[in-house]
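Trainee: Could you take me through this structure? I am new to it and would like to go piece by piece.

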Amino acid sequence: MRIATIALLPLAAIPLLCVACGGSIPPPNDEYSAAQADVGRAEAGGAPGVPDAKLHLQLAQEDLAKSKTLIDQDNKRAADLIAVARVEAQLAFSLAKQQMAEDQARHAQGDLAKVKGGQ
Amino acid sequence: MRTTTILALLGGVLLSVAQGCGGDIPPPKALVDARTDYAKAKGGVALQVDPTDVHEADLALQRAEAAWRDSQDVKDEHTIDLAIIAQRKAQIAMAEAAASKAQQEAQQAKADLEAAMASQLQATRGELGKTQQNLQQTQSQLQQTAAMNEEQKKKLADLEAKLKDARDTIAKIAAVKDDDRGMVITLQGEVLFKTGKWDLKPAAMAKLDQIADALRGKEQPMVVFGYTDNVGAIDMNMDLSQKRAQSVRDYLVTKGIPSDLITSQGKGPAEPVAGNDSIEGRAQNRRVEIVVKPKKS
């Protein structure tokens with residue numbers, strides 16, 4: 001009987017640990033706002049006009065919407081989704097920036113070739 | 001027996017957990033992708049352009065690896081999320097590096113473009129300057145030509161006026177006419193010479209003085225022709241007419257007519273202006289003609 005009690009003790013501790021992990025995480029409201037700002041920055045940065053960037057922007061928006069439904073219910077999962085949404089939005093912004101920079105470089109190089117061709 | 005069974009079960013559970021912690025379980029695809037993209041970012045230009053982005057990707061990957069070590073569950077959402085974050089960070093590092101490289105290329109192309117355009121502008125300005133210079137030279141030449149034309153016109157007008165004055169002056173002392181040879185001044189032989197002689201009479205010299213005064217400075221070629229009537233031998237008449245023409249020519253030279261502009265020629269009885277069958281006719285044929293040729297322009 002004594003041995004059985006000792007063996008069952010770790011199993012009894014598992015639910016207690018789970019409650020401590022999930023329940024103690026505060027709602028990630030600040031992170032959510034930051035993610036919204038990242039999405040807005042990507043939109044303003046031209047992500048909707050660049051196919052690759054648009055895809056990651058959509059993923060960010062989806063993750064953000066999903067996280068909203070989980071806040072106060074599963075804050076840990078919500079925080080993870082928000083973190084993913086943030087990097088998706090940041091990547092969308094960077095891809096749009098890359099595309100625009102490459103377009104500008106191509107345009108400038110084209111202009112240069114025209115001028116040099118006319119010389 | 002019951003205690004033994006419980007211990008055996010517990011041992012089985014612990015063995016299973018121990019096996020789960022082993023390295024044989026393949027990691028989730030998201031983590032594999034994250035490792036691949038991080039390797040790309042670390043091996044590409046991203047590390048040179050901005051090491052911070054690559055470092056963030058490295059830290060994120062380390063967190064994902066730690067989560068995987070802890071969970072050893074390919075379906076663990078937290079591990080997968082951390083792997084996705086690590087992959088995205090690596091992709092961000094590469095995109096930022098590519099954007100930076102493209103921006104540098106664009107700036108370089110713009111700088112080259114400005115330099116090329118400046119060079120073209122300078123060349124165009126140079127050509128324009130040359131064209132303007134040529135234009136100014138042409139205008140200057142045109143003005144000079146116009147001035148020269150004007151001067152020549154004025155000279156011609158002066159010359160014509162002087163010629164008219166000369167003609168009017170000469171017309172008072174000799175017969176003057178124009179034919180296809182030019183202006184012809186005719187002096188009768190009796191006025192100039194004694195019969196059979198070619199020395200000029202003093203009265204002739206006075207007339208020739210006036211003619212020389214009128215013709216001096218005209219710079220027009222002249223020919224003095226001597227004529228006789230048909231009385232006497234032709235050879236004698238030819239010789240006499242030549243000598244008389246020469247006398248007139250030489251006298252005019254002494255009076256300032258340039259010697260290279262005036263010549264003489266005896267024609268004898270040729271080209272009579274009247275019949276030789278009367279005294280009056282023969283008198284008219286004995287003559288000296290000074291032909292002033294038009295000036296060659």
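Mentor: This is a predicted model. In chain B, the buried residues of α8(B) pack against α7 (202-215), β3 (222-227), β4 (262-268) and β5 (287-292) of that chain.

Trainee: Which residues of α8(B) are buried?

Mentor: They are Asn237(B), Leu240(B), Ser241(B), Arg244(B), Ala245(B), Ser247(B), Val248(B), Arg249(B) and Leu252(B).

Trainee: How far apart are the end C-alpha atoms of that helix, and what should its residues span?

Mentor: Helix α8 of chain B covers residues 234-254, and at 1.5 Å a residue its 21 residues should span 30 Å. The end C-alpha atoms are 30 Å apart, so the two values agree.

Trainee: What comes just after α8(B)?

Mentor: Gly256(B) is found there, with a positive phi of about 105 degrees.

Trainee: You mentioned β5(B). Which way do β2(B) and β5(B) run, parallel or antiparallel?

Mentor: They run antiparallel and are joined by six bridges. Gln188(B) stands opposite Arg287(B), which lies in β5(B).

Trainee: And how many bridges join β1 to β2 in chain B?

Mentor: Five bridges join β1 (residues 175-179) to β2 (residues 182-188), and these strands of chain B are antiparallel. A hairpin of two residues connects β1(B) to β2(B). Ala175(B) has Thr186(B) in β2(B) as its bridge partner.

Trainee: What about contacts in chain A between residues at least 6 apart in sequence?

Mentor: Among those contacts, 73% join residues at least 24 apart.

Trainee: Could we look at one helix there? Which residues of α3(A) are buried?

Mentor: Helix α3 of chain A runs over residues 51-70, and its 20 residues reach 29 Å from first C-alpha to last, close to the 28 Å expected at 1.5 Å a residue. Its buried residues are Ala53(A), His56(A), Leu57(A), Ala60(A), Asp63(A), Leu64(A) and Ser67(A).

Trainee: Why do the buried residues of α3(A) line one face of the helix?

Mentor: Seen down the axis of α3(A), the buried residues fall within an arc of 125 degrees, so they line one face. These residues pack against α2 (29-44) and α4 of chain A. The face turned away from the buried side carries the exposed residues Pro51(A), Ala65(A) and Thr69(A). Just after α3(A), Asp72(A) takes a positive phi of about 75 degrees.

Trainee: Next, the two chains together. How many residues of each are in contact?

Mentor: There are 26 residues of chain A in contact with 27 residues of chain B. On the chain A side, α1 (2-23) and α4 (75-118) each supply at least two residues. The largest share, 22 residues, comes from α4(A). By type, the chain A side divides into 13 nonpolar, six polar and seven charged residues.

Trainee: And which residues have the most contacts inside the largest nonpolar core?

Mentor: They are Ala92(A) and Ala86(B), in a core of 57 residues. The largest share of this core, 18 residues, comes from α4(A).

Trainee: What does Ala86(B) touch, leaving out residues up to four places away in sequence?

Mentor: Ala86(B) touches Ala34(B), Tyr38(B), Ala57(B), Ala60(B), Leu61(B) and Ala64(B). A second, separate core has 26 residues, including Ile211(B), Leu215(B), Met222(B) and Ile262(B).

Notes
Residues numbered from 1 in each chain as written. Chains lettered and ligands numbered in written order. Predicted model: local features only at pLDDT ≥ 70, side-chain atom pairs only at ≥ 80, totals over all residues. Contact = placed C-beta atoms within 7 Å. Helix = DSSP H or I, 4+ residues; strand = E, 2+ residues; numbered from the N terminus. Nonpolar A, V, L, I, M, F, W, Y, C, P; charged D, E, K, R; others polar. Expected span 1.5 Å × (residues − 1). Buried ≥ 20, exposed ≤ 12 C-beta atoms within 10 Å, placed from the backbone. Arc of directions from axis to C-beta. Pairing = 2+ DSSP bridges. Core = buried A, V, L, I, M, F, W, Y, C linked by C-beta atoms within 7 Å.
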